[in-house]
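Please keep the viewer open as you read.

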Amino acid sequence: MASIITISALTKVYASGFAALKGIDLTIEEGEIFALLGPNGAGKTTLISIICGNVNPSGGTVSVAGHDIVTGYRGSRTAIGLVPQELATDSFEKVIDTVRFSRGLFGKRRDDALVEKILRDLSLWDKRDARILELSGGMKRRVMIAKALSHEPRVLFLDEPTAGVDVELRRDMWGLVRQLRDTGVTIILTTHYIEEAEEMADRVGVITRGELLLVEDKATLMKKLGRKTLTIHLSEPLAVLPPALAGRGIVLAGEGWRLEYSFDTHAERTGISTVLRQLGDLGIGYKDLDTRQSSLEDIFVSLVHREEAA
């Protein structure tokens, strides 16, 4: 698959001396959904702002659809649609007018059929003559997406796309993002909702303190770093964890009613049979067992905490 965004040794140091980005190297493939995860202040928005031409880099290079963002600014910017985190629209404009105007800003000819399709795909057609101030927060965010798509970009940036919207609308927007990807649009999103990345992304990047910790296929990342937790539901509660179990990474939980044992699913020996045999030797009865796979959130928290502790 061809790359549509190539970033090499990208840095950003502000006048105060704060290094927001530290040597970022990243390639994004055409037609993928890429999720960029990181805590507040990690550098996510700075990275997007540089790619989109809103912030000047201190060093390194970035190309979008074959255009350098500095020497080929017009070509790179035309290839990009940006939906910023903050809602910014003319409150007194009609929905259809603001989308048409956005298309015109890129020198595109008026195309009423395309604008209608975009508004229909975003469930905005019935609101086309409504003024922006009359819309709900979720609908305003849809208008922002419509504006970003109006000039037919090849890459769409979504900075916290579902911030402040309810769960139902969030899932609707997940469906919309998949539809856009199916039409060939490359999607890059930043999000605080881990389940959003886990639900939609093809690849995941984790950034913190201006450094890219890793970039990995989501399924591979889950397989490589994911662990499982065996939960043992006891027949009778334990007041304390027996010393014989203490060195095995077993935790007493649920007010003594549960034992939780975390293990590597890819290890040659998981240790489960040994743990269960020890329970029998100690006369500890149990009534049920279940396992849980580590989520992307577990992995993300583990990575960030590991970096902060370094």
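What follows goes from the overall picture to the sheets, the helices and the cores.

## Overall picture

The model you are looking at is a predicted one. The protein contains eleven helices and 14 strands. Of its 310 residues, 43% are buried.

## The six-stranded sheet

Let us begin with an open sheet of six strands, whose order is β6-β7-β8-β3-β9-β10 and whose pairing is mixed. Its edges are formed by β6 (80-83) and β10 (211-217), each of which pairs on one side only. From one strand to the next, the twist averages 15°.

Within this sheet, β7 (residues 155-159) and β8 (residues 186-190) pair in the parallel sense, with five bridges between them.

Helix α1 (residues 44-51) lies across β3 (33-37), β6, β7, β8 and β9 (203-208), and runs at about 150° to β7. Helix α5 packs on the sheet too, where it touches β6 and β7, and its direction makes about 165° with that of β6.

## An enclosed strand

How many of the seven residues of β11 are buried? Five are, so this strand, residues 228-234, is largely enclosed by the rest of the structure. Its pairing with β13 (residues 258-263) is antiparallel and spans six bridges. There, Thr229 stands opposite Ser262 of β13.

## Two helices with a buried face

Helix α4 spans residues 112-121, and Leu114, Val115, Ile118 and Leu119 are buried in it. Viewed down the axis of α4, its buried residues fall within an arc of 130°, so they line one face of the helix. The buried residues of α4 pack against α3 (95-105) and α5 (137-149).

Both ends of α4 have details to inspect. Asp111 caps the N-terminal end, with a side-chain oxygen 3.3 Å from the backbone nitrogen of Ala113. Just after the helix, Ser123 takes a positive phi of about 55°.

Now turn to α10 (residues 272-281), where Val275, Gln278 and Leu279 are buried. Down the axis of α10, the buried residues fall within an arc of 105°, so they line one face of the helix. On the face turned away from that buried side, you will find the exposed residues Ser273, Gly280 and Asp281. Gly283 follows α10, and its phi is positive, near 75°.

## The nonpolar cores

Which residues have the most contacts inside the largest nonpolar core? They are Leu119, Ile145, Leu156, Leu158 and Ile187, in a core of 41 residues. Leu119 is also one of the buried residues of α4. Leaving out residues up to four places away in sequence, Ile145 touches Val83, Leu122, Leu158, Met173 and Leu176.

Apart from this core lies another, made of 26 residues, including Ile7, Ile24, Ile28 and Ile207.

Technical notes
Residues are numbered from 1 along each chain as its sequence is written. This is a predicted model: local features need pLDDT of at least 70, side-chain atom pairs count only at pLDDT 80 or more; totals for chains, interfaces and linings use all residues. Side-chain values use heavy atoms; hydrogens and water are left out. Buried means under 20% relative accessible area, exposed over 50%, partly exposed in between (1.4 Å probe, protein chains only). Helices (H or I, at least four residues) and strands (E, at least two) are DSSP runs, numbered from the N terminus. Two strands pair if DSSP finds at least two bridges between them. The arc is that of the directions from the helix axis to the C-beta atoms. Contact means heavy atoms within 4.5 Å. A polar contact is a pair of N or O atoms within 3.5 Å; within protein, one must be able to donate a hydrogen and the other to accept it, and residues adjacent in sequence count only if both atoms are side-chain atoms. A nonpolar core is a set of buried Ala, Val, Leu, Ile, Met, Phe, Trp, Tyr and Cys residues joined through side-chain atoms within 4.5 Å. Axes are lines fitted to C-alpha atoms, for helices over the stretch in contact, and angles run from 0 to 180 degrees between N-to-C directions.
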